Amino acid sequence: MLQSLAAFKENATSAIGNAGLQRALARAKPHFAKKRQAAIDLLPEFEALREAAKNIKDHTIAHLDFYLETYAAAVEAAGGTVHWCSTAQDARAAVLKICRAAGVRTVTKGKSMVTEEIALNPFLEANGITPVETDLGEYILQLRGETPSHIIAPAFHLNREDWEESFRKSHADLPADRVFRERRDLLTEARGKLREKFLAADAGITGANFLIAESGTSVIVTNEGNGDLTQTLPRVHIVVTSIEKVVPTIEDTLTLLRVLARSATGQEMSVYTTFSTGPRRAADTDGPQEYHVVLLDNGRSAMAGTEFQDMLRCIRCAACMNHCPVYGAIGGHAYGSIYPGPMGAVLTPMLSGIEAAGNLPNASTFCGKCESVCPVKIPLPNLMRHWREREFERHLSPPAQRYGLAIWAWFAKRPALYRAATRAAALGLGFMGRKQGRFAWLPFAGAWTKTRDFPAPEGDTFFAHYAARQKARSQ
Amino acid sequence: MSRNAIIAAIQRGLKRGPLPTDQQAMLTGRLKAHPRGPIPARGQLSLADRIALFTTYAEREFATVQRLAAPAEIPTAIASYLARLHLPPTLTISGHPSLQSIPFNIPSLRIRFGTALPTDPTCLTLAFAGIAETGTLLLPSGPQTPTTNNILPDNSIVLLPAARITASYEDAFDLLRAENPLPRNVMLITGPSRSADIEQTLELGAHGPRRLHILILDGQG
């Protein structure tokens, strides 16, 4: 379940103690990293593509106003409608207005993080419209009343017995004594159930991985084919997406696609990559009669020109969370944000405010793995550091931390004193801990030592070692 | 109005007003030129080797591939494929002229041209191009190539003229750009439908076709 942002520390503690979640994490984590590496090893051009992908996004963001206007004009030229929405509330209202005007009662949905961001499903339900999630992972979460714990593998935290239990409970019309021998049996049952929904839906809502300015095209990427059934069969297709998804051309999109699937699932290419441009044309026998794009800002335009601009490059591949030791320990729900992991730690304070989301950019070891695997080279640790600075400047961090930093800063500005003090501390701690080699408890660090031991220093400080080494080298 | 507010916020962030006309012209020029990014070397091969690479990658992604020498071989190939898998001898065929002209002369194979119905088990569609780089098919929509036929049936059989197997996605889109305007829907398909949502373990046959059978037809441009 999505937990509260403010309760991050409690959430994390309970996640570490959750046996089912820990089993799911242990299974999935090495799998993602291994598959990504294998795909990259097969493509010598990967680094060049990464650099090109970064440059395409930077170029687009620097001219975002131009490319959005060009994109919108092309959508309209193809017979579609663009609904510009500053806030989540605007976007929900735009979707409802489209549904009301077209007499829509049921909608199928492809996987979309932006619709999670604007909490579209409860809003539609409250207004008498039934949304049906069709991505297999999103489908079971809807049955269970849960939110995604990962941006590309939403049901990442569930084990097979959870699926069986939910299917038995929700598909009560099927024989109660049926046996799920393999995972495939679960998949087949969901396929049968959702087929009826695809055929009955009045509207289909999808997200977009990319929006192409030159042609007014929305691009979605799926492995299941649910997005294509969602956007092809119903009368109305609504694309719910956000402004940073725009790229100039088809060729730019192809470069980004080459790094997307490899970084995400380790596939060379997703099964279905679909380019949609406007509604059904004059002689067409299928396709939607209406094509709408609900284009959300929700704080993104305010990132342009700031130290957080680089975050607008994000293509939502999830490589950062797949390689993150913090995500790997606690999973996605503990973050209390729609977007978990390193990318979520940078994006969430932008969407929800640093007051509410201050714990997230602090939940990092700064190991740098996220930046090293990012297909568009977002300096995630640096961006988290900027949030920590803002939090400190606005006096949002706890008093003990602020006093501690103030004391440290006083010493750090006086190098001779700093070295003497740290040397004394290192030698003193080393002497006191010489028997056990570690401390189970230390004054002023009780919270830290509660869950781990502090190793006793072995010998002198880093500075002393460094100075000695430099001296030896110059001789 | 939201549109103006969003555009104004972006310009404020970027610390400038609307782009000067010379810069707009430069960006319009880039759109017209649509420059390519780095193209993987692995597809840059002779046609024969592109066909081989396409086959390798398509099979790696769990498609099956069969090579045919002439259109006359298509009906038998399809009939025996369906029989081998114990599938109903029923085929819904997209109404493209290249598919209409196939000499279907097997009485046991029931065929119908048009858009797939939910009860249709198998569709035959025509690929506009194949991409050697990843064993990917390119299928554009049109009055005679409905998207539904790519995605709704349990079994998808795709005819791919060998000469249309390109090195890269870019080469395939160049062919498509030549037939301006861009079709309403363009699908890039790499293997049959699948999901790894249950315990991150890959299972074939999610919502799209459970099987993808590609017929590579020699000697056609």
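The dialogue below walks through the sheet, the core and the chain contacts of a predicted model.

Colleague: How many bridges join strand 5 of chain B to strand 6 of chain B, and where does a positive phi occur in their hairpin?

Modeller: For a pair of strands, one looks at direction, then at partners, then at the turn. These two strands run antiparallel and are joined by three bridges, with A129(B) having L138(B) as its bridge partner. Four residues lie between the strands of the hairpin, where G135(B) takes a positive phi near 65°. On to the next neighbour: four bridges join strand 6 of chain B to strand 9 of chain B, again in an antiparallel arrangement, and P140(B) stands opposite V186(B) of strand 9. In chain A, strand 6 (residues 217–222) and strand 9 (residues 272–276) run antiparallel with five bridges, and S218(A) is partnered by S276(A).

Colleague: Why is strand 6 of chain B described as largely enclosed?

Modeller: Burial is judged residue by residue, and four of the five residues of this strand are buried, so the rest of the structure largely encloses it.

Colleague: Which residues touch the most other members of the largest nonpolar core?

Modeller: In soluble globular proteins, nonpolar side chains tend to be buried together. The largest nonpolar core here has 178 residues, and those touching the most other members are V294(A), C320(A), V346(A), A127(B), L138(B) and L159(B). Leaving aside residues up to four places away in sequence, V294(A) touches several residues, including H83(A), C85(A), A91(A) and I238(A).

Colleague: Which helix supplies the largest share of the side of chain B that touches chain A?

Modeller: One starts with the residues on each side and then asks which elements carry them. In this model 57 residues of chain B are in contact with 75 residues of chain A. Among the elements that each supply at least two residues to the chain B side are helix 2 (21–33), helix 7 and strand 9, while helix 1 of chain B gives the largest share, nine residues.

Technical notes: Residues numbered from 1 in each chain as written. Chains lettered and ligands numbered in written order. Predicted model: local features only at pLDDT ≥ 70, side-chain atom pairs only at ≥ 80, totals over all residues. Pairing = 2+ DSSP bridges. Core = buried A, V, L, I, M, F, W, Y, C linked by C-beta atoms within 7 Å. Buried ≥ 20, exposed ≤ 12 C-beta atoms within 10 Å, placed from the backbone. Contact = placed C-beta atoms within 7 Å.
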